[in-house]
Amino acid sequence: LTSSLVVGPLRAFRCWRVEWQDGRPVLGSLFHSTVWPADGPLRATCERRPGSLASWIRRRFSRSIETHHPAPAWGCECGIYAMTRLEDDEDLTVSPHICQRGPLDRVMRVAGVAQLWGRVVQHDRGYRAEYARPLRLLTVPSLVRVRDTEGLLEAVARRYRVPLVTRAEDLSRAA
Amino acid sequence: MNIGEPIRELEVEPLLEPAVMPAAPAEPSAAPQPDCEPVEVPD
């Protein structure tokens with residue numbers, strides 16, 4: 001498998017968890033505990049646990065993947081995910097909003113655009129990247145539902161030095 | 001997040017820091033320059 005060289009970072013859509021953590025506003029992964037750094041890019045690592053059942057099944061049926069490898073790897077699921085377009089239109093009309101991540105786990109979710117670079121695996125609807133940083137976040141003021149949401153988003157935008165845009169079209173233009 | 005099936009691998013160039021603009025060359029002085037005198041070189 002050969003890789004193609006692409007000039008300049010890619011831009012793609014994704015959603016983040018947004019919350020106060022130890023008094024600081026943070027952007028985090030929706031499905032992992034990963035917190036995106038504010039002072040530099042996030043670098044992907046493979047979080048497969050060698051002892052897990054899922055890992056054993058993958059090793060059993062995919063001999064080409066080493067247990068420890070740089071992320072993202074072809075044939076693995078690791079890397080920083082982003083999409084060429086947001087799958088759920090609600091993400092563009094209601095952002096931020098509260099979503100139910102588990103039976104007792106509600107998180108505030110915000111849509112935005114990220115820059116991606118380094119080693120990248122291109123998929124037919126998105127990417128898995130080695131490096132990423134947030135570029136723009138979408139807030140739709142008329143649909144804010146949670147108290148102090150605006151304050152949290154403004155604090156996140158200041159800390160990560162990204163603009164907040166109020167129209168989905170402005171977000172799309174950045175992608 | 002469903003991103004579909006993998007297609008190909010890419011190497012994407014990293015972000016470039018904003019280039020530092022070199023200092024502009026100094027404007028030639030508008031003041032009249034003294035005439036050059038030929039310098040005698042001793043043998």
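1. The model is predicted: local features need pLDDT of at least 70, side-chain atom pairs count only at pLDDT 80 or more, and totals for chains, interfaces and linings use all residues. Residues are numbered from 1 along each chain as its sequence is written, chains are lettered from A in the order in which they are written, and side-chain values use heavy atoms, without hydrogens and water.

2. Strand β2 (residues 10–21) of chain A pairs with β7 (residues 105–123) of chain A in the antiparallel sense, over eight bridges; A:W16 has A:V110 as its bridge partner in β7(A). Strands here are DSSP runs (E, at least two residues), numbered from the N terminus, and pairing requires at least two DSSP bridges.

3. β2(A) is also joined by five bridges to the antiparallel strand β3 (residues 24–28) of chain A, where A:V26 is the bridge partner of A:E19. Two residues separate β2(A) and β3(A) in a hairpin, and A:D22 in the turn has a positive phi of about 55 degrees.

4. B:P6 in β1(B) is the bridge partner of A:H123.

5. The contact (heavy atoms within 4.5 Å) involves 33 residues from chain A and 15 residues from chain B. About 2,400 Å² is buried between the two chains, 60% of it from carbon and sulfur atoms; this is accessible area (1.4 Å probe) lost on being put together, summed over both parts.

Key. Helices (H or I, at least four residues) and strands (E, at least two) are DSSP runs, numbered from the N terminus.
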